[in-house]
Amino acid sequence: MSLTVAIITRNESHVIARCLESVAWADEVIVLDSASTDDTADIARKLGARVSTSTEWPGFGPQKNRALDLATGDWVLSIDGGPLVSLAVATNVLAALTGSASGGLTIALDALGTTYMQIAAQTGINPALMHRVAVIGAGTLDSLPHNGAV
């Protein structure tokens with residue numbers, strides 16, 4: 001089973017890098033850019049996203065559908081360019097795909113742990129609190145401590 005993250009953008013250069021870093025765990029990341037006048041598409045390409053461009057804006061729903069048409073994964077998570085996908089959401093998605101809270105948490109911490117440790121240090125949040133949110137975000141608790149992710 002594979003997951004594609006589909007992102008629609010327009011002039012999101014100020015946030016696209018953090019957005020893409022927050023979905024680095026996905027099998028495929030697609031960015032459908034709508035005629036940005038900044039370097040959104042270039043940043044997305046440099047970070048490994050498959051980028052397509054559209055010169056017209058057909059509306060929110062049609063643009064989301066265009067992005068879905070580009071996806072090759074079995075599952076698709078459709079987001080805009082700005083929001084960060086939280087560790088809890090990422091863990092829930094991964095837990096659902098793996099069928100296991102420990103599987104989801106282990107993959108999420110391996111893929112995003114460094115990023116979230118940096119955020120914790122910058123904001124003064126205790127990393128243990130972020131881990132607890134991630135464990136709860138897994139949707140269920142396995143019988144192993146830390147859901148088996150250590």
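Confidence in this predicted model averages a pLDDT of 79 over the protein chain, and 69% of the residues score at least 70. Helix α2 (residues 40-46) has the highest mean, 97, while helix α6 (residues 127-137) has the lowest, 56. Where pLDDT is low, the predicted coordinates should not be read in detail. The chain holds 6 helices and 4 strands.

**Overall layout**

- Along the sequence, the elements follow the pattern β-α-β-α-β-α-β-α-α-α.
- The protein chain has 150 residues, and 45% of them are buried.
- Take the contacts with a separation of 6 or more: 62% of them join residues 24 or more positions apart.
- The accessible surface comes to about 7800 Å². Carbon and sulfur atoms account for 57% of that surface.

**Strand pairing and crossovers**

- β1 and β2 run parallel, paired over 6 bridges. Thr4 faces Glu28 of β2 in this pairing, standing opposite that residue.
- β1, α1 and β2 together form a right-handed β-α-β unit.
- Strand β2 (residues 28-34) also pairs with strand β3 (residues 50-54), again in the parallel sense, over 5 bridges. From β2 the chain passes through α2 to β3, and this β-α-β crossover is right-handed.
- Val31 stands opposite Val51 in β3, and Ser34 stands opposite Ser54 in β3.

**Strand β2 in detail**

- β2 is mostly covered, with 7 of its 7 residues buried.
- Glu28, Ile30, Leu32 and Ser34 point one way from the strand. Val29, Val31 and Asp33 point the other way. Residues on both sides are buried.

**Nonpolar core**

- The largest nonpolar core has 25 residues. Leu3, Val5, Ile7, Leu20, Trp25 and Val29 have the most contacts inside it.
- Elements giving two or more residues to this core are β1 (3-9), α1 (16-22), β2, α2, β4 (75-80), α4 (87-98) and α5 (101-123).
- α4 supplies the largest share, 4 residues.
- In soluble globular proteins, nonpolar side chains tend to be buried together.

**Ile7 and Ile79**

- Leaving aside residues up to four places away in sequence, Ile7 touches Ile16, Cys19, Leu20, Val23, Val29, Ile30, Val31, Leu32, Ile79, Asp80 and Gly81.
- Ile79, one of those partners, sits in strand β4.
- Ile79 has 11% relative accessibility, so it counts as buried, the cut-off being under 20%.
- Ile79 and Ala6 are 73 residues apart along the chain, yet their C-alpha atoms are separated by 6.3 Å.

**Backbone points to check**

- Most residues other than glycine have a negative phi, and most peptide bonds are trans.
- Asn11 lies in the loop between β1 and α1. Its relative accessibility is 26%, so Asn11 counts as partly exposed.
- Ala35 is located in the loop between β2 and α2. Its relative accessibility is 34%, so Ala35 counts as partly exposed.

Definitions and conventions
Residues numbered from 1 in each chain as written. Predicted model: local features only at pLDDT ≥ 70, side-chain atom pairs only at ≥ 80, totals over all residues. Heavy atoms only, no water. pLDDT = per-residue confidence, 0-100. Pairing = 2+ DSSP bridges. Right-handed = clockwise from strand over helix to strand, strands pointing away. Buried < 20%, exposed > 50% of the residue type's maximum accessible area, 1.4 Å probe, protein only. Contact = heavy atoms within 4.5 Å. Areas by Shrake-Rupley, 256 points an atom, 1.4 Å probe, with all protein chains shown as cover. Core = buried A, V, L, I, M, F, W, Y, C linked by side-chain atoms within 4.5 Å.
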